[in-house]
Amino acid sequence: MGKEEKEKSIMEYETVALDDEAGAVVIIDQTLLPTKTELVKLKTAQEIWDAIYLLKVRGAPAIGVAAAFGIYVLACQTDTEDYDTFYKEFSKQRDYLNTARPTAVNLSWALNRMDRVCRENSGLTVGQLKQRLKEEAVAIKEEDIWVCRQIGEHGLGLVKPGDGILTHCNAGQLAACKYGTATAPIYLGQERGYGFRVFADETRPLLQGARLTAYELFSSGVDVTLICDNMSAAVMKNGWVQAVFVGCDRVAANGDTANKIGTSVVAAVARQYRIPFYVCAPTSTIDLASKTGDDICIEQRPAEEVTQMWYKNRMAPEGVKVYNPAFDVTDHELITAIVTEYGVAKAPYEESLQEIFRRRPER
């Protein structure tokens with residue numbers, strides 16, 4: 001990188017972009033943040049899959065955008081004019097990418113949207129079909145920016161100037177294309193002089209709260225304080241937190257939500273101190289086919305993330321058993337409201353989420 005690029009704020013980079021000329025998806029390698037900002041070009045199915053699985057690109061909205069751009073880039077590499085041959089290869093690549101992160105519904109949602117473009121335009125030439133795939137991928141990214149802005153507007157109506165807000169993991173701009181989901185009310189409040197005081201959980205074991213949320217909020221001038229995960233009860237008991245905003249990777253029909261491991265603990269503590277707990281969820285993360293949180297597949301991550309990552313020396317005995325789920329499910333009874341781009345859903349969620357979908361135009 002040149003000197004000029006190094007001096008850019010992290011907020012000036014695009015989380016996910018398309019370099020059509022190079023035939024690549026361009027991402028910020030988030031595993032290197034905050035000490036190093038490196039843009040990576042992904043051209044092969046293996047590179048795209050690895051980037052999603054290894055959390056180089058992460059966050060439900062950003063994963064969806066990366067998947068859409070990724071399947072388009074791979075489709076452009078299929079050299080045939082026969083639709084059936086093209087679609088067979090497209091389906092193979094779609095299914096492969098879809099295995100990278102099983103819990104984040106945006107991955108399959110975006111790939112299914114791109115698949116629908118293929119199926120509904122079988123009468124076009126392959127060249128025209130590739131152009132339609134590009135247009136759909138760009139639309140997914142543009143919609144993400146609009147969705148996050150709307151979530152911010154709805155979320156901002158739930159808090160007041162000067163409030164203390166706690167968030168867990170990273171549901172910020174680095175997890176989306178702009179604004180983020182859980183941080184969208186914070187960024188809009190910052191623009192309007194609300195003066196929020198934000199507490200960011202570090203989020204073990206991958207430290208997304210420390211490396212990403214604290215980094216981007218601090219870079220934006222937000223009053224942010226980093227805390228360890230086990231300090232949330234202390235700051236709540238002190239009266240420093242008036243609301244909790246978190247993102248999520250999947251919402252079940254009954255309002256149960258899957259988010260980064262530790263979220264359910266924050267929700268339980270918030271209930272203890274009577275602090276509202278808000279889940280910010282684009283409708284693309286709502287999975288009405290999952291009746292409850294028990295239907296959500298929880299990704300298991302490598303043991304080394306707990307025993308070795310971030311440490312100069314191994315911090316656990318060799319051979320010790322490790323349980324490392326990437327997500328946990330927060331029971332709907334602990335959730336005050338689910339904030340979407342089409343409004344705020346409250347219990348009973350089976351009814352309110354259906355109402356949210358009725359407001360959403362068909363795509």
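I shall speak about a sheet, a pair of helices and the cavities. Please bear in mind throughout that this is a predicted model.

I begin with the sheet. Strands of a sheet pair through backbone hydrogen bonds, in either a parallel or an antiparallel manner. Here 3 strands make up an open sheet, ordered S1-S2-S3, with antiparallel pairing. Which strands stand at the edges? They are strand S1, residues 16-19, and strand S3, residues 39-42; each has a single partner strand, so one side of each is left without a neighbour in the sheet. On average, neighbouring strands of this sheet are turned by 30° against each other, direction ignored. Strand S2, residues 24-28, pairs with S3 over 4 bridges in the antiparallel sense, and Ile28 has Leu39 of S3 as its bridge partner. Across S1 and S2 lies helix H3, which runs at about 15° to S1.

I turn next to two helices. The axes of helix H4, residues 83-97, and helix H6, residues 126-156, come within 10 Å and cross at roughly 35°. This crossing of H4 and H6 is right-handed. On the H4 side, the contact is made by Tyr83, Phe86 and Phe90, and on the H6 side by Val126, Leu129, Lys130 and Leu133. By class, the residues of this contact are 6 nonpolar, no polar and 1 charged.

Finally, the cavities. Rolling a probe the size of a water molecule over the atoms shows where empty space is left. How many cavities of 30 Å³ or more does the structure hold? There are 3.

The largest cavity contains about 230 Å³ of space. It is lined by 25 residues, of which Arg58, Gly59, Ala60, Asn170 and Asp249 are the closest to its centre. The lining of the largest cavity divides into 12 nonpolar, 9 polar and 4 charged residues.

The second largest cavity has a volume of about 130 Å³. Among its 15 lining residues, the closest to the centre are Trp109, Asp144, Val147, Pro282 and Ser284. H3, helix H5 and H6 each give two or more residues to this lining, and H6 gives the most, with 4. Its classes are 6 nonpolar, 3 polar and 6 charged residues.

Thank you for your attention.

Key
Residues are numbered from 1 along each chain as its sequence is written. This is a predicted model: local features need pLDDT of at least 70, side-chain atom pairs count only at pLDDT 80 or more; totals for chains, interfaces and linings use all residues. Side-chain values use heavy atoms; hydrogens and water are left out. Axes are lines fitted to C-alpha atoms, for helices over the stretch in contact, and angles run from 0 to 180 degrees between N-to-C directions. A crossing is left-handed if the near helix is turned anticlockwise from the far one by less than a right angle, and right-handed if clockwise. Contact means heavy atoms within 4.5 Å. Ala, Val, Leu, Ile, Met, Phe, Trp, Tyr, Cys and Pro count as nonpolar, Asp, Glu, Lys and Arg as charged, and the others, Gly among them, as polar. On a 1 Å grid over the protein atoms alone, a cavity is a set of points where a 1.4 Å probe fits but cannot get out, and a pocket is an open set with protein on both sides within 12 Å along at least five of seven lines; lining residues have an atom within 4 Å of a point. Grid points are joined across faces, edges and corners, and a volume is the space filled by probe spheres set on the points. Two strands pair if DSSP finds at least two bridges between them.
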